[in-house]
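I opened the file to look up the surface, the fold order and the strand in the middle of the packing. My notes follow in the order in which I looked.

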Amino acid sequence: MRFTASILCVLFVGLACSGEQYNRKTADIHDIIGETYRLSTSYERSRLNKDTGIRNPNTNKWIVYFNRNGCTPCALKSLKHWKDIIADFDSLRLKAELIFIINAAADDEDLTKVLEQEAFDYPILCDEQGEFERYNLLPANDLLNTFVLDGNNVVRIVGTPLISDKMKNVFFNYLIANDVEP
């Protein structure tokens, strides 16, 4: 009995100290501000079957993360609402990057179908291994999975610009004010 308890204790301490934290969620988005996010270099790239990727890892990034929770079309139902924001973003010609990440395989038929139906031709990085969610603290509410990261991948803004023009302006104003060469 003591042996089993000792093994469990060592296992618990080993896991707690491993530095790898999985599926961390918080109800308070203020806990996320200041977190350094880990972005994988192993994301598969998909843009209606065209290659794409993070151009400059040392610049500001506007990350939109979709956790499909088993239903790719459900996760991507908001893509049509992003088209106006993308047009505004592109018109500003910022040095920052707007990056869409989804927890899906790049060859996921549902993903391709939704992208074609929505005529969504903006880069999407496919995180088949779920690394984005595994390694980063995220809001408990999946609707708030939009982040602005600085050039060091530190989270500066959390929320969604889809809920109001005021929130959209918060995202844009930060990126405009911090549009510097890396």
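I looked up the surface first: the accessible area of the protein is about 10300 Å², and 51% of that belongs to carbon and sulfur atoms. Accessible areas here are from the Shrake-Rupley method with a 1.4 Å probe, and for residues only the protein chains shown count as cover.

I noted that the model is predicted, that local features need pLDDT of at least 70 and side-chain atom pairs pLDDT 80 or more, while totals for chains, interfaces and linings use all residues. Residues are numbered from 1 along each chain as its sequence is written, and side-chain values use heavy atoms, with hydrogens and water left out.

I then checked burial (buried is under 20% relative accessible area, exposed over 50%, partly exposed in between; 1.4 Å probe, protein chains only). Of the 182 residues in the protein, 43% are buried.

I listed the elements, which are DSSP runs numbered from the N terminus (helices H or I, at least four residues; strands E, at least two). There are 6 helices and 8 strands, in the order α-β-β-β-α-α-β-α-β-α-β-β-β-α from the N terminus.

For contacts (heavy atoms within 4.5 Å), I took those in the protein with a separation of 6 or more: 74% of them join residues 24 or more positions apart.

I turned to strand β4 (residues 97-102). All 6 of its 6 residues are buried, so the strand is largely enclosed by the rest of the structure. Glu97, Ile99 and Ile101 lie on one side, and Leu98, Phe100 and Ile102 on the other. In a regular strand the side chains alternate between the two faces of the sheet.

I looked up its partners (two strands pair if DSSP finds at least two bridges between them). Strand β3 (residues 61-66) pairs with β4 in the parallel sense over 6 bridges, and Phe66 has Ile102 as its bridge partner in β4. Strand β5 (residues 124-126) also pairs with β4 in the parallel sense, over 3 bridges, with Leu125 opposite Ile101.

Last, I looked up the nonpolar cores (sets of buried Ala, Val, Leu, Ile, Met, Phe, Trp, Tyr and Cys residues joined through side-chain atoms within 4.5 Å). The largest has 31 residues, and Trp62, Phe66, Trp82, Phe89, Phe100 and Phe120 have the most contacts inside it. Two or more residues each come from β3, α3 (79-92), β4, α4, β5 and α6 (165-177). Another core, of 16 residues, lies apart from it and includes Tyr37, Leu39, Tyr65 and Leu138.
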